[in-house]
Amino acid sequence: MEYFVQQLFNGLTLGSIYGLVAIGYTMVYGIIGMINFAHGDIFMLGGFAALIVFLVLTSIFAGVPVAVLLLLMLIVAMLMTSLWNWTIERVAYRPLRGSFRLAPLITAIGMSITLSNFIQVTQGPRNKPIPPLVGSVYNIGGISISLKQIIIIVITVVLLAAFWYIVNRTALGRAQRATEQDRKMAALLGVNVDQTISITFIMGAALAAVAGTMYLMYYGVASFNDGFTPGVKAFTAAVLGGIGSLPGAVLGGLMIGLIESLWSAYFTIAYKDVATFAILAFVLIFKPTGILGRPEVEKV
């Protein structure tokens with residue numbers, strides 16, 4: 001039983017990271033109906049931005065408190081990824097917003113490859129390790145809980161609460177929901193649609209940066225291809241929970257994390273990805289919109 005609870009906690013930690021990235025996918029899809037396949041690479045960029053901040057600060061200032069170091073890593077990573085995603089939206093996606101549906105998809109895949117190769121060229125193809133930032137481990141009832149796991153879960157809960165409040169209780173959230181329902185009508189009612197979409201991309205990038213920093217802290221290594229596998233799994237989480245639903249994205253991320261953790265614990269680790277996508281297929285057969293997704297109503 002202790003081993004099972006331990007794996008549950010590990011799965012919640014990993015699922016929290018997937019959930020943060022999945023929110024970016026679902027927000028962009030919900031507001032403009034497009035999958036931003038470069039979002040996984042934005043997550044990877046966030047990890048590398050945090051890594052560079054860590055290397056610079058530790059080489060210049062010896063003995064920087066870990067809390068200050070993590071805070072600066074998060075802030076710089078969020079700023080950098082927000083700038084990247086804002087630029088991507090303005091340059092690559094906005095001109096194709098009124099084009100046929102495959103054009104933005106092709107552009108998104110192209111941006112993903114561009115970002116991945118950019119990091120490979122500038123930072124090198126090898127993995128970039130860092131020493132453990134947080135090493136404290138607590139033993140509670142035979143269950144080992146590390147401080148970094150607690151940090152990841154707490155930050156995820158706080159950010160999700162903040163984003164839920166923004167989307168449901170602020171003028172920006174009302175503008176986002178109006179743009180999601182009908183862009184033309186929202187524009188006629190005074191909503192700055194272009195600005196709202198750009199802010200949505202920035203918000204998704206900020207969450208991806210936090211996830212990338214947490215991923216770096218949790219595993220202690222960054223690689224140029226980190227955007228692919230976690231990005232695909234986060235997209236799977238968004239689809240599983242119901243693409244376009246913020247609670248669904250979080251729920252899907254937690255489910256993916258738990259599936260991976262429990263499968264790796266009780267079965268062979270080589271097939272954990274197979275199990276994840278098999279369960280996704282099984283759920284979508286019986287509920288094509290995802291667990292919390294709503295059927296799309298086509299406006300005529």
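**Figure 1. The largest cavity.** About 60 Å³ of space lies in the largest cavity of this predicted model. A search of the whole structure finds one cavity of 30 Å³ or more. A cavity is a set of points, on a 1 Å grid over the protein atoms alone, where a 1.4 Å probe fits but cannot get out; lining residues have an atom within 4 Å of a point. Points are joined across faces, edges and corners, and a volume is the space filled by probe spheres set on them. Phe43, Met44, Gly47, Phe48, Gly212, Tyr215, Leu216, Val221, Ala222, Ser223 and Asp226 form the lining. H2 gives the largest share, four residues. Helices (H or I, at least four residues) and strands (E, at least two) are DSSP runs, numbered from the N terminus. By class, the lining has seven nonpolar residues, three polar and one charged. Ala, Val, Leu, Ile, Met, Phe, Trp, Tyr, Cys and Pro count as nonpolar; Asp, Glu, Lys and Arg count as charged; the others, Gly among them, count as polar.

Residues are numbered from 1 along each chain as its sequence is written. In this predicted model local features need pLDDT of at least 70 and side-chain atom pairs count only at pLDDT 80 or more, while totals for chains, interfaces and linings use all residues; side-chain values use heavy atoms, with hydrogens and water left out.

**Figure 2. Ser223 in the cavity lining.** Ser223 sits in the loop between E4 and helix H9 (229-241). Its relative accessibility is 5%, so Ser223 counts as buried (under 20% relative accessible area; exposed is over 50%, partly exposed in between; 1.4 Å probe, protein chains only). Leaving aside residues up to four places away in sequence, Ser223 touches Met44, Phe48 and Asn127 (heavy atoms within 4.5 Å).

**Figure 3. A salt-bridge network of Lys233, Glu260, Lys272 and Asp273.** The structure holds five salt bridges (a side-chain nitrogen of Lys or Arg within 4 Å of a carboxyl oxygen of Asp or Glu). Glu260 and Lys233 meet at 2.7 Å, N to O. This pair links distant parts of the chain, Glu260 in helix H10 (residues 246-266) and Lys233 in helix H9, 27 residues apart. Lys233 also bridges to Asp273, with the closest N and O atoms 2.8 Å apart. Asp273 lies in helix H11 (residues 272-286), so its pairing with Lys233 ties together parts 40 residues apart in sequence. Asp273 forms a further salt bridge with Lys272, at 3.6 Å. Lys233 is buried at 4% relative accessibility, Lys272 is buried at 19%, and Asp273 is partly exposed at 29%.

**Figure 4. The second largest pocket.** Its volume is about 320 Å³. Of its 17 lining residues, the closest to the centre are Leu14, Tyr18, Tyr219, Glu260 and Lys272. A pocket is an open set of points with protein on both sides within 12 Å along at least five of seven lines. H1 gives the most to this lining, five residues.
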